[in-house]
Amino acid sequence: MNAKRLTTPKEKVQQLQEKLGHAAKENKKRKFHALYDKIYAWNTLGEAWNRVRANKGAAGVDGETLANIEKIGVEAFLHDCQKQLEQGNYHPEPVRRQYIPKKDGKQRPLGIPTVRDRVIQMATKLMIEPIFETDFQESSYGFRPKRSAKQALDRIRKACNRKGNWVIDVDIQGYFDNINQEKLMKLVEMRINDRRVLKLIRKWLQAGVMEEGQVRRSDLGTPQGGVISPLLANIYLNYFDVIWERHGKALGELTRYADDFVVVCKTKKDADHAFKLIRAIMERLELTLHPTKTRIIGLWTGEEGFDFLGMHHRKTKAETSTGKIYYTTQQWLTTKAEERIREVVKERLAPPRMRVISFADHVKWLNPKIQGWRNYYYTSYSQLKLAKLDWYILQRFTRWYAKKRQRRRWMSSFHEVKFIAKQVGLKTLL
């Protein structure tokens, strides 16, 4: 009786995930046929709810918010989800489409499924992800447990330093909107033959998008914004990773983060061959490479670099203690990342309505963001840029403070603000 009793839904779900992952690893050809009842099991739905609630997010087309559900009762909501799944009456709603303005004037489409659909997608993801995780390649980092963008950046830096002088920076045009659903389902079926689970995934793919009161359905794409979308997108591109591992590994080292990836090659000849192979595999997947954003970059002279995952990568001259010159790969935050940080700070401190908020409350709001930026962007080569951003944050606080105090010349308040910032514990990027 010494064995620790599993008490929380989280622990019980983790144990089940470990079992599924282990079974998938043991037999790479095994197909799973009894998963559906595990999806609507009470523990799975409970853990799915906890994760969806932690991710926050707006209401879908039915207008039902997380707060509404908590008011009515989470247990009743989950029982209803369980009943719908058990009886086969569950039908997903279309995804609500919203547009977020981009800096270049274009708009980024965002899909918002209903809370119910998010919870059921999460429950499904919890059960199928461990199975596919065992098939995913070492080169893939995006939206995977225990893997991060920082690890991907580290892999690229090391590949460039191992005489990787040519880089293919790849951008897939409208990836999430152009995934061939039939091919995707065939890849899912390689591991899952529980017909009810497959039917569930198909329903989400075919639920469509609601825009201006009209529902639009398509045979292409995965529902962007859907909880299960990143996993489905990884299953689709895992085909690329596997083929690359088989036929492209000798040409260059692949690092992929969701639909963004780079291949680091040693010679121009390898890079040209690699580019042809990438294009051929993409054609098989019925995907198109972006004509201007996909390019081959020569790193070895240090004149050219490339942006990937918010960092700029470039080879620069360095010198050993004995005076020997060599090139090393340096990474620092991109201009786009700098602009984004400035934007967040300005949006918080510049509007007149923000003057009623206290210095301490602004700091409380900004500190976690500053810490996150520091954790991600800090390298010894980013120091100068981060110092400038620290100066910008103080400057923004000084302008805010001067307006709050109705002072005409904001610079005269700088030292006072610097002192207060220290008192209330404003974090810095450097």
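A helix here is a DSSP run of H or I, at least four residues long, numbered from the N terminus. Keep that in mind while selecting, and note that the model is predicted.

**Stop 1: the second largest pocket**

Select helix α11, residues 229-247. This helix gives the most to the lining of the second largest pocket, with six residues. Now colour the lining by class. Eight residues are nonpolar, one is polar and six are charged.

**Stop 2: α9 and α10**

Next, select α9 (residues 181-189) and α10 (residues 195-206). Their axes come within 11 Å and cross at roughly 155°. Angles over 145 degrees count as roughly antiparallel, so α9 and α10 are roughly antiparallel to each other. The crossing of α9 past α10 is right-handed. Show side chains at the contact. From α9, take Gln181, Glu182, Leu184, Met185, Val188 and Glu189. From α10, take Leu198, Ile201, Arg202, Leu205 and Gln206. By class, this contact of α9 with α10 holds six nonpolar, two polar and three charged residues.

**Stop 3: α3 and α6**

Move to α3 (residues 42-55) and α6 (residues 115-133). How do their axes cross, and at roughly what angle? The axes come within 8 Å and cross at roughly 120°. That makes α3 oblique to α6. The crossing is right-handed. On the α3 side, select Thr44, Leu45, Glu47, Ala48, Trp49, Arg51, Val52 and Asn55. They meet Val115, Arg118, Val119, Met122, Ala123, Leu126 and Met127 in α6. The residues of this contact of α3 with α6 are 10 nonpolar, two polar and three charged.

**Stop 4: α14 and α15**

Finish with α14 (residues 359-377) and α15 (residues 383-404). These helices pack at an angle of about 170°, their axes 13 Å apart. They are therefore roughly antiparallel to each other. Which residues make the contact? On α14, select Phe359, His362, Val363, Leu366, Ile370 and Tyr377. On α15, select Leu386, Ile393, Phe397, Trp400 and Tyr401. Colour by class once more. The contact of α14 with α15 has 10 nonpolar residues, one polar and no charged.

Key. Residues numbered from 1 in each chain as written. Predicted model: local features only at pLDDT ≥ 70, side-chain atom pairs only at ≥ 80, totals over all residues. Heavy atoms only, no water. Axes fitted to C-alpha atoms, helices over the stretch in contact; angles between N-to-C directions. Helix = DSSP H or I, 4+ residues; strand = E, 2+ residues; numbered from the N terminus. Parallel < 35°, antiparallel > 145°, perpendicular 65-115°, else oblique. Left-handed = near helix turned anticlockwise from the far one by under 90°. Contact = heavy atoms within 4.5 Å. Nonpolar A, V, L, I, M, F, W, Y, C, P; charged D, E, K, R; others polar.
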